[in-house]
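Colleague: Hey, I'm new to this one. Could you walk me through a few spots?

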Amino acid sequence: MCSGVTFAKFASLVRLDSVNVIGPGWVTHVKQVFEASDVAAVTVPMYFYYLPLQEENYFAEHVFKSALHKYDKQFPFLAGNNMAIRASSWNAVKDETCHVKNIHEDIDLAIHLNMNGFKLKYDGGIRSGTSARRFDDPPIKFMKYIKMMTRTFKHHQLNPVGAHV
């Protein structure tokens, strides 16, 4: 269980990694997404800003994630390095989130929100740049990180198509 987490005091919480780059319209766009009262959390597509072919890697990421969001309802996800959540939604599920070191906490949060009937939105209207630092890892370490996604879903007895590496 989630102990020691404070009550969120603001209308929404934003989570961005220190290596992420957001454009000037990111915050405004997220605020507009939350104008729809049924949206509990939002994540947007990313591109790897220091890899070549940024538009192509953005396009591949966006096509893949938008298809998963639309067609694989067993695959709720939020990108922890690039997301926002309503404080009320966080406060509703924070005590249910898992504290397991070998699972992804952002996907765990998405699963708990989804299990409680909260709507997650993947919004292609804006994007965020992120580091490709994981690609610098040795292959074994990289695959261990990637397989955490499958482990996260298995931890919740879920087996969506999108969770297989």
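Predicted model: local features only at pLDDT ≥ 70, side-chain atom pairs only at ≥ 80, totals over all residues.

Colleague: OK, and where is Arg-86 placed?

Modeller: Arg-86 sits in strand β5.

Colleague: Is Arg-86 buried or exposed?

Modeller: Buried: the relative accessible area of Arg-86 is 17%, and the cut-off for buried is under 20%.

Colleague: What is Arg-86 in contact with, leaving aside neighbours within four places in sequence?

Modeller: Ala-11, Ser-12, Phe-34, Ala-36, Ser-37, Val-39 and Ala-40. Take Ser-37: 49 residues separate Ser-37 from Arg-86 in sequence, while their C-alpha atoms are 9.9 Å apart in space.

Colleague: Switching to helix α1, which residues are buried there?

Modeller: In α1, which spans residues 26–33, Trp-26, His-29, Val-30 and Val-33 are buried. They're on the same side of α1, because they cover an arc of only 100° around the axis.

Colleague: And what do those buried residues of α1 pack against?

Modeller: A set of strands: β1 (12–16), β2 (21–22), β3 (39–43), β5 (82–86), β6 (119–122) and β7 (128–130).

Colleague: New topic: where is His-156 found?

Modeller: His-156 is in the segment after α5 (139–155). His-156 counts as buried because its relative accessibility is 11%.

Colleague: Which residues does His-156 touch, not counting those up to four places away in sequence?

Modeller: Cys-98, Asp-108, Ile-111 and His-112. With Asp-108 there's a polar contact of 2.6 Å between the side chains.

Conventions: Residues numbered from 1 in each chain as written. Heavy atoms only, no water. Buried < 20%, exposed > 50% of the residue type's maximum accessible area, 1.4 Å probe, protein only. Helix = DSSP H or I, 4+ residues; strand = E, 2+ residues; numbered from the N terminus. Arc of directions from axis to C-beta. Contact = heavy atoms within 4.5 Å. Polar contact = N/O pair within 3.5 Å; in protein donor to acceptor, adjacent residues only side chain to side chain.
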